[in-house]
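Please open the model in a viewer and keep the selection panel at hand. The stops below proceed from one group of strands to the helices and then to the remaining sheets.

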Amino acid sequence: MPLGIVSFFNISRGFGKIRTDEVPEGVFVHYSEIQGEAKILIEHEMVEFELKPTQKGPQANGVIRLSERLKGKIIQYDKGYGYVKTREGKIYFLHHKDVIGMGFKRIEPFFEVEFSPFEGEDGALAKEVIVVDPRPALERFAHLGDWREHLSQLNDLAQPEHWDLPSQSEAHRILHNYLYHTFARIEEEGKIQYAVDDKGQKLACWHTGLLTPSLEEIFAYFIPHKKRRTRAGYLRQNQWVLACFAPESHRYMNHFSTKPMMPLYFEDASELIYDPRRRLVVDFEHIVNDHRQRFPEPLQAAGSETLMLQLRQAMDRTLLLVQRNYRMALPQYYRGKVQLLLPLCLVDPKVPDLALVVSWEHEVYRANTVLGLDWAYQNARLMAPLEDGWLWRAVQYKKSQTIL
C-alpha cells in the first residue's frame, strides 16, 4: 500500500487530499474511507492507503493512520484546561495549547473531539486535539429555520423587555444569545423532554425560562427534521427542526406527561449575593495590561501606573457602595459557575464604564477581568431580567452620550 502525507482536510465537508511522490498534486480522500472511529485527518499526518483510479482522478481507499487517534467528549473545561472521556470510559487531560487551530479556540463541555493519546508522567494526555463540531449546542440539536422570524414572534409573545442594545444593529441580539446559552444549560442538565403524538410523530420540548404577559410559561417545541439530506459531509445533520415558541397552552404540550423544567444555574442562593465579609483580591496588573482595550477610549492611552491608580480608586468607591447595597452585585453564569458583576466608574464617579467580574475561589473573591457594559449585560441577562438596574441605566446613558 502506498504511503502519503495529508496536504489538507476540510472538517465540515469531510474530505481532503493526500500527497504522494507519484501524485504530488494530491489524491482525493473521503472521511468514509478512513479506518477507525476518528475520521478527521491532520495536516502533514502520514497515512497508507489503496490507490483507486476514478473518472474524477485518483482516490484513496481503506486509509490507515500510522499514529493512533481516538474520539471522545469534553466532560469538563475551565480556565484553559479540562478532560476528555472516550467511549470506553478512559479520561485524558486536555490543555488549551494542544487544541489545533488559530487564534481564539472555542471549547465547551459536551463538544466531541478527536485527539492523539499520550501517556505522560502525570497520566493520560490528549494531544493534537480537533473539535469535531464547533457549532453551538442549539445548532447541533436542531435546524432553526427562519430564526429571525422565530425571534420576532417570541419577542411579541413574551413579557416586554429590552432585547436590543444601542451598539448592536442586529435586532433581538440579546434574545438570540439568551436562548443559545439557555439551551446549552438545559442540555447540560438533561432537561430536554421528548414525547410522541397521536400519529406517532416524535416531539421535543424545552423550557425557555420566559413568561407571557399573562404569566404563562413559554416553551420551545421541535418536530422531526423530515427534509434531512443524505449525510454528505462529516458534520451530523440535525434530527429536529424548531416548530415554534409557544406557551404551555399550546396543543403540542398535550403529549408531554411531565412539564419541562427551567434551567438552574446555582445550588446555593448565597452564590448570588456579594458577601462583604469575604476578602476581594484584584489582579490589577493583569486587568490593566491584558484588557486595556476594554477601558474607555480616553483612558486607553494612559500609562499603566496611572490606569492602575484610577482602577484602584474606582474599586474603593464600588466596595463602599456594594457593602451597603448587595443588589449592586449582578450574578452571571460562566463556564459552570456563578460570578458577580460590580460596576466600575472610571471617568465619571456616577456613571459605570466597566463591570468587574468577581469569582468565589476557596476563601476569597478574585477579580481577574473586566467586561464592557454591552457584554456584561448580555451575560447577566441569562439569569434574570435587568430592567432599571445600574447596568441597564449605564448602557442607556452611554447610548445618549453617543447620540449627543
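Begin by selecting Ala-355, whose bridge partner in strand S20 is Leu-371. This is a predicted model, in which local features need pLDDT of at least 70 and side-chain atom pairs count only at pLDDT 80 or more, whereas totals for chains, interfaces and linings use all residues. Residues are numbered from 1 along each chain as its sequence is written, and side-chain values use heavy atoms, with hydrogens and water left out.

Strands (E, at least two residues) and helices (H or I, at least four) are DSSP runs numbered from the N terminus; two strands pair if DSSP finds at least two bridges between them. The hairpin of S19 and S20 has two residues between the strands, and His-362 there takes a positive phi near 60°.

S18 is largely enclosed by the rest of the structure, because seven of its eight residues are buried.

On S18, select Leu-341, the bridge partner of Leu-330. Strand S17 (residues 330–334) runs antiparallel to S18, joined by five bridges. Two residues lie between S17 and S18 in their hairpin, where Arg-335 in the turn has a positive phi of about 50°.

Now select H2 (residues 147–157) and H3 (residues 173–189), which pack at an angle of about 95° with their axes 10 Å apart. Axes are lines fitted to C-alpha atoms, for helices over the stretch in contact, and angles run from 0 to 180 degrees between N-to-C directions. H2 is therefore roughly perpendicular to H3, a label for angles of 65 to 115 degrees. Show the side chains of Trp-147, Leu-151, Leu-154 and Asn-155 in H2, which meet Leu-175, His-176, Leu-179 and Tyr-180 in H3; contact means heavy atoms within 4.5 Å.

Which residues touch the most other members of the largest nonpolar core? Among its 47 residues, they are Trp-147, Leu-179, Phe-222 and Leu-391. H3 gives the most to this core, with seven residues. Such a core is a set of buried Ala, Val, Leu, Ile, Met, Phe, Trp, Tyr and Cys residues joined through side-chain atoms within 4.5 Å. Centre the view on Leu-179: not counting residues up to four places away in sequence, Leu-179 touches Trp-147, Leu-151, Leu-154, Trp-206, Thr-208 and Phe-245. A second, separate core of 27 residues includes Leu-280, Ala-314, Ala-329 and Leu-346.

From H3, move to strand S13 (202–211) and S15; H3 lies across both and runs at about 120° to S13. The open sheet has five strands in the order S11-S15-S14-S13-S12, with mixed pairing. S11 (142–143) and S12 (193–196) each have a single partner strand, so one side of each is left without a neighbour in the sheet. S11 runs parallel to S15 (residues 240–247), joined by two bridges, and Ala-142 has Trp-240 as its bridge partner.

**The barrel**

Finally, select the closed barrel of five strands, S1-S2-S3-S5-S4, whose pairing is mixed. Its neighbouring strands are turned by 45° against each other on average, direction ignored. S1 (residues 3–10) and S2 (residues 15–19) run antiparallel, joined by five bridges; Asn-10 and Phe-15 are bridge partners.

Notes. Parallel < 35°, antiparallel > 145°, perpendicular 65-115°, else oblique. Buried < 20%, exposed > 50% of the residue type's maximum accessible area, 1.4 Å probe, protein only.
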